[in-house]
Amino acid sequence: MLPIFDKFMLLVPPIALAVLLIYTYGLFFRSIQNRHLLNVIMGVVFGFAAAVAMSAPIPIADGMIIDIRTLFIGVAAAYFGVMGGAVTLIAAVSLRISIGGDGVVIGVAGMIITSIMGLLWAQYIRPKVQNVFKSHFFLGLMISESIALGVFFPPEVRINFFTGLAPVLLVANVFGALLLGKLILREQALVTETHRLMNAATTDPLTKLVNRRSAATAFDALPDLHDISHGQSMFCIDVDDFKGINDTYGHLCGDAVLVEISNRLSACLRPEDIISRISGDEFVIVLHAVTQAQAKAVAERCRAAISKVPVVAEDEKVQPSISVGAVWTRCRLPFNALREKADEALYKAKSNGRNCVAFEIRAEAEMIRENAVA
């Protein structure tokens, strides 16, 4: 039998490989939005790690091998769910069957047990044990349950296994679970923080609508128009006498009114339309590939959605209204240039008594000429 130190050294390379592969998880986590696809990919990655572990096993008898594959199977099931765990398990079981030998049945049974233990940990232990060290210590113990299958080894192998290799596998599983779990959580935290910072930089914290910069970026990415009856329309929307709402009901109530207005406006739009809170009580909406009639109807629908039903906020009933300045054109203009025209229309809506829509159709030649002069 190998000395204990040598046994540990045989298990180190697969764990080192897994540490390296965790960083690929960070790359996939950042770039893949579909979590089911991410879990499948990580199942493939951990299946590869399990295969590497089986490529350099510790032989204990003819056709019977010991390695660290259960660590990768258990962690995959624990962190990547049924789909990721199943992919890892299928890869590992397929390779073990291809290797053959007297230990195939015990080996496959051990892998199935380990995968189940990983899923049970994710379902029952992880949500209840908040301490990360304790939680992953339990994970290491649970994925070591398959060690108990050593009782089915031949008598001459069984004693050497439990006195020599079993303790090594137990320590390796616990250490590996602690290490891999910490690294996975670290990558998840880094990606979550990156997403939080990106979200803070691109959205309005109160209404959760995109901010001005993001709206301009989305506007620039709109495709070209091909139907000559279609154009693009921009609305500049201002809440009528919003200062009066704040002065009368307080700023908390005013904030709640803005949130409700943003929700109602969003409900009037298509998923592909752009809506942004530009400043305090000013919103901008962009409709792409719409006819004049469609744009005018949406503008009026937005106005009516705000004025018809009061907003109940902070135990107060507030009846807000909005003025809408809308412009429609077939000409493709920069964001700020089109907003300037919508702002001019908004001024007319305010001058017309508020709670109304000022809708303008700008000819292509006129828009090009004015934009060139500007």
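Which residues lie nearest the centre of the largest cavity? In this predicted model, Ile65, Ile66, Arg69, Gly107 and Ser146 hold that position, among a lining of 21 residues.

**Cavities**

The largest cavity has a volume of about 280 Å³, and the count of cavities of 30 Å³ or more comes to two. Two or more lining residues of the largest cavity come from each of strand S2 (64–66), H3, helix H4 (104–125) and helix H6 (155–202). The greatest contribution is that of H4, with four residues. Sorted by class, the lining of the largest cavity comprises eleven nonpolar, seven polar and three charged residues.

**Aromatic pairs**

A pair of aromatic rings is described by the distance of the centres and the angle of the planes.

| Pair | Distance of centres | Angle of planes | Arrangement |
|---|---|---|---|
| Phe46 and Phe72 | 6.4 Å | 70 degrees | edge-to-face |
| Phe153 and Phe161 | 5.0 Å | 80 degrees | edge-to-face |

The pair of Phe46 and Phe72 links distant parts of the chain, 26 residues apart: Phe46 belongs to helix H2 (residues 35–55) and Phe72 to helix H3 (residues 69–99). Phe46 has a relative accessible area of 1% and is therefore buried; Phe72, at 0% relative accessibility, is buried. Together with Phe80, Phe46 and Phe72 form one aromatic cluster. Phe153 and Phe161 are likewise buried.

A further ring, that of Phe219, has Arg332 over its face, at 6.0 Å from the ring centre.

Notes. Residues are numbered from 1 along each chain as its sequence is written. This is a predicted model: local features need pLDDT of at least 70, side-chain atom pairs count only at pLDDT 80 or more; totals for chains, interfaces and linings use all residues. Side-chain values use heavy atoms; hydrogens and water are left out. Rings of Phe, Tyr and Trp (its six-membered ring) pair if their centres lie within 6.5 Å; planes under 30 degrees apart count as stacked, over 60 as edge-to-face and the rest as tilted. Buried means under 20% relative accessible area, exposed over 50%, partly exposed in between (1.4 Å probe, protein chains only). A charge sits over a ring if NZ of Lys or CZ of Arg is within 6 Å of the ring centre and within 35 degrees of the ring normal. On a 1 Å grid over the protein atoms alone, a cavity is a set of points where a 1.4 Å probe fits but cannot get out, and a pocket is an open set with protein on both sides within 12 Å along at least five of seven lines; lining residues have an atom within 4 Å of a point. Grid points are joined across faces, edges and corners, and a volume is the space filled by probe spheres set on the points. Ala, Val, Leu, Ile, Met, Phe, Trp, Tyr, Cys and Pro count as nonpolar, Asp, Glu, Lys and Arg as charged, and the others, Gly among them, as polar.
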